[in-house]
2 protein chains.
Amino acid sequence: MAVTRPVPHPAPAAGAERVSTGPVVARALRLLEAFSDERPTLTLSEISRRSGVPLSTAHRLIAELETWGAVERDGAGRYQVGLRLWEVGALAPRGPGLRERALPYLEDLCAVTRENVQLAVREDDEIVYVERLAGTRAVGVHIRVGGRWAMTATGVGLVLLAHAPPDVVERVLEGPFPRHTPWTLTDPARIRETLAAVRTRGYAVSDRQITSDATSVAAPVRDAAGEVVAALSVVAHHGSPVAVLAPLVRTSAGGVSHALAAGRGRRPPPPR
Amino acid sequence: MAVTRPVPHPAPAAGAERVSTGPVVARALRLLEAFSDERPTLTLSEISRRSGVPLSTAHRLIAELETWGAVERDGAGRYQVGLRLWEVGALAPRGPGLRERALPYLEDLCAVTRENVQLAVREDDEIVYVERLAGTRAVGVHIRVGGRWAMTATGVGLVLLAHAPPDVVERVLEGPFPRHTPWTLTDPARIRETLAAVRTRGYAVSDRQITSDATSVAAPVRDAAGEVVAALSVVAHHGSPVAVLAPLVRTSAGGVSHALAAGRGRRPPPPR
DNA sequence: CGACCGTTTCCGCATACCGGAAGGCCGATG
DNA sequence: CATCGGCCTTCCGGTATGCGGAAACGGTCG
């Protein structure tokens with residue numbers, strides 16, 4: 001309850017001179033970034049502080065966002081992300097679009113294994129969960145749809161990293177590696193070997209990397225061009241038979257891949 | 001609102017025109033509006049044409065949106081709504097937030113009735129579907145999560161209209177009423193009576209308004225302050241026992257209302 | 001090859017953005 | 001009752017920043 005979050009992560013003020021204000025649009029988008037899962041509603045002043053945009057400027061920009069419906073006010077006058085923005089966000093092909101096509105396969109996999117099943121994509125140097133289904137016999141996992149995670153810590157992350165462009169791999173292998181258990185991989189050389197293995201075997205195993213009692217098995221999802229665009233995984237109790245799970249996960253991932261390749265004809269005739 | 005028809009290329013203008021271009025942010029948001037369910041990916045030129053923003057301007061603004069992640073490009077270089085925008089949209093309290101709290105009750109209602117169940121909110125003079133569950137014995141309904149509908153045509157729409165501010169009611173009762181079947185209501189006076197009945201009975205019945213074989217029964221969802229913030233409905237075959245469905249729908253809506261009232265403690269302590 | 005269509009860059013002009021300051025409106029505090 | 005602090009809103013002179021036609025660039029088709 002009385003959670004005293006000592007400075008969440010405002011990280012605004014450069015502290016010194018504000019020489020260039022930067023493009024307006026970028027600032028408006030920064031205002032939207034002020035909202036988060038823990039703080040879904042904010043006052044104008046809070047938005048201003050969190051985004052580092054002067055109050056009067058934030059006031060003007062927020063008013064424009066509100067006119068369009070990107071933000072709206074609740075009964076108390078506090079601001080929150082607007083329904084309109086959700087509607088537009090629901091058009092993202094890599095989000096709901098991907099989810100919709102993959103869902104039947106995820107459900108089958110979930111029904112067969114009775115474990116948690118998840119679908120994720122890469123965004124910059126992190127992964128974003130697009131969907132998650134809870135299995136009846138599942139381990140407790142605390143991921144949120146729309147949530148982000150480090151690439152090295154999860155099965156889906158390893159798959160996506162194994163097929164990411166070289167510059168992404170290098171950046172990730174430099175950065176710090178979040179450690180959650182005694183078994184967490186933190187040696188770049190070892191990770192590099194793991195990635196190679198993922199590519200040759202066609203699936204990844206992440207054993208006790210986040211919690212000490214869970215193992216995840218993940219496989220790549222490809223688009224019509226053969227590019228890896230997503231990853232799908234099952235999280236099971238540590239000690240579960242990987243030899244059994246891997247083929248199941250790979251088969252499901254293949255099913256999603258085929259669904260993506262097949263569903264391309266939805267586009268109306270050319271421009272006009 | 002100043003709609004200044006930009007006129008694509010010809011601009012021989014005498015030079016005396018003081019055409020207001022309008023705020024930048026508004027224009028950037030208009031670019032996002034160019035995307036739709038039928039056209040989830042667009043070229044820059046298409047975006048420019050659809051939004052009425054000159055090409056070079058659209059180019060500059062889209063570049064800013066892309067930098068932030070509001071839009072992204074697929075393999076062919078076409079633009080699409082970005083994952084980042086989806087992430088932020090997922091924070092909308094009236095969208096996913098409401099959905100999450102309501103889901104258990106919707107599932108129960110769906111399991112008991114085996115019919116389609118839906119949850120919707122009002123946005124301006126229309127309703128937006130926030131969630132939809134398919135029942136095993138259900139009539140075919142063609143609504144999409146995130147989709148919009150007229151308020152007069154659906155059960156949820158009648159409920160939300162019955163509890164909407166007067167100015168909304170007046171606007172809606174003026175406007176044209178989309179007619180889908182011979183039974184569609186189009187007389188303002190009749191609709192006004194219907195709305196009064198909805199308020200006194202606590203539920204709405206929309207009989208064969210969209211398709212000739214379906215009847216929907218809807219009830220209001222209220223927040224902690226007692227305000228109607230959403231509506232919940234069941235769509236059944238025409239002729240189904242309303243007397244049986246209505247109490248079920250009202251009970252479920254009441255459950256969601258209580259869940260909303262109870263779940264208010266999630267807010268961290270005030271600002272600081 | 002040339003016509004067509006889409007994308008990208010350039011640059012001078014003035015529009016519309018900027019943000020400190022001041023005023024108003026609570027609610028809490030002494 | 002007076003005072004204070006926090007938040008929201010409005011105002012306005014100065015100029016950063018957005019504007020968009022034009023032209024160069026690159027691909028595809030007939």
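A cavity is a set of grid points where a 1.4 Å probe fits but cannot get out. In this predicted model, a search of the whole structure turns up 2 cavities of 30 Å³ or more.

**The largest cavity**

- The lining of the largest cavity is made up of 21 residues.
- Nearest the centre of the largest cavity lie Val141(B), Thr154(B), Ile210(B), Ser216(B) and Val235(B).
- Three elements of chain B, namely helix H6 (155-162), strand E8 (214-222) and strand E9 (228-237), each supply at least two residues of this lining.
- E8(B) gives the largest share of the lining of the largest cavity, with 3 residues.
- By residue class, the lining of the largest cavity divides into 9 nonpolar, 11 polar and 1 charged.

**The second largest cavity**

- Helix H1 (24-33) of chain A and helix H1 (24-33) of chain B each supply at least two residues of the lining of the second largest cavity.
- The lining of the second largest cavity has 13 nonpolar residues, no polar and no charged.

Note on methods: Residues numbered from 1 in each chain as written. Chains lettered and ligands numbered in written order. Predicted model: local features only at pLDDT ≥ 70, side-chain atom pairs only at ≥ 80, totals over all residues. Heavy atoms only, no water. 1 Å grid on protein atoms, 1.4 Å probe; cavity = no way out; pocket = protein on both sides within 12 Å on 5 of 7 lines; lining within 4 Å. Points joined across faces, edges and corners; volume = space filled by probe spheres on them. Helix = DSSP H or I, 4+ residues; strand = E, 2+ residues; numbered from the N terminus. Nonpolar A, V, L, I, M, F, W, Y, C, P; charged D, E, K, R; others polar.
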